[in-house]
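Please read them with the model open.

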Amino acid sequence: MKISFVIGNGESRSGFNLAKLKTYGKLYGSNAVFRDTEVDNLICCDRRMAMETVSKGYKGIVYTRKDWFSFFPYDNFRELPKLPWEEKEKHTQSFHMGSGLHAVNVALQDNPNIIVIIGHDFWGTGSKHNNLYKGTENYEDIIAPAVDPSFWIKQFVMFFRIYPNIQFVFCQPNLPNWQKPIGWDTEVFPNLQFQELGSLIDVLNQS
């Protein structure tokens, strides 16, 4: 069984030791996660974040957009793969997809059986931006307003439908209190399930 872990930077994963996951599969992370953990594949859609990896000497694999791939003539840089759908409506277009969702697409290129999603919170903290790195270099200020998650939710749904044989597992702490997007029911999407983040390692040990 092949497991891939797609790591977002939502505050829900604060305190969770990502390094423990390396025993079980590859890690696909977004943007500033490299400051704390070396992942197998780092996705930086934002050119400033890609530049930060260079300035700080990060040597792991970094994926960035085609638009500025030529700015990074380094052996560890890769161009983001194409999306598995036609880019018609705004939410289906590559440029309107963030690093977190592109990380899902990169992970899918490795044909996993299971994709475990951590730190993709969707919702703001109150009315404020939800990100572990807010207020730091290349990030919004800590008082920045919450981001509208509607595109992220639609993009995940497209992945659920296109890859029905891959299990998508969303991990959150205090899962009963997490607001699931409307329509995200396991009866609607049989390849979708939810897991308490705190018990994830125990579940992986039993699999």
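1. Burial in α4. Keep in mind that this is a predicted model. Ile153, Gln155, Phe156, Val157, Met158, Phe159 and Phe160 are the buried positions in α4.

2. Helix geometry. α4 covers residues 150–162, which is 13 residues. From first C-alpha to last, α4 reaches 19 Å.

3. The α3 and α4 pair. How do the axes of α3 and α4 cross? They come within 10 Å, at an angle of roughly 15°. That angle is under 35 degrees, so α3 counts as roughly parallel to α4. The crossing of α3 and α4 is right-handed.

4. Side chains at that contact. α3 supplies Leu101, Val104, Asn105 and Leu108. α4 supplies Trp152, Gln155, Phe156 and Phe159. By class, the residues of the contact are 6 nonpolar and 2 polar, with no charged ones. On spacing: an α-helix has 3.6 residues a turn, so residues three or four places apart point the same way.

5. Is Val169 buried or exposed? Its relative accessible area is 7%. Val169 counts as buried because the cut-off is under 20%.

6. Surroundings of Val169. Setting aside neighbours within four places in sequence, Val169 is in contact with Ile114, Ile115, Val116, Ile117, Gln193 and Gln195. Asn191 lies 22 residues from Val169 along the chain, and their C-alpha atoms are separated by 8.4 Å.

Notes
Residues numbered from 1 in each chain as written. Predicted model: local features only at pLDDT ≥ 70, side-chain atom pairs only at ≥ 80, totals over all residues. Heavy atoms only, no water. Helix = DSSP H or I, 4+ residues; strand = E, 2+ residues; numbered from the N terminus. Expected span 1.5 Å × (residues − 1). Buried < 20%, exposed > 50% of the residue type's maximum accessible area, 1.4 Å probe, protein only. Axes fitted to C-alpha atoms, helices over the stretch in contact; angles between N-to-C directions. Parallel < 35°, antiparallel > 145°, perpendicular 65-115°, else oblique. Left-handed = near helix turned anticlockwise from the far one by under 90°. Contact = heavy atoms within 4.5 Å. Nonpolar A, V, L, I, M, F, W, Y, C, P; charged D, E, K, R; others polar.
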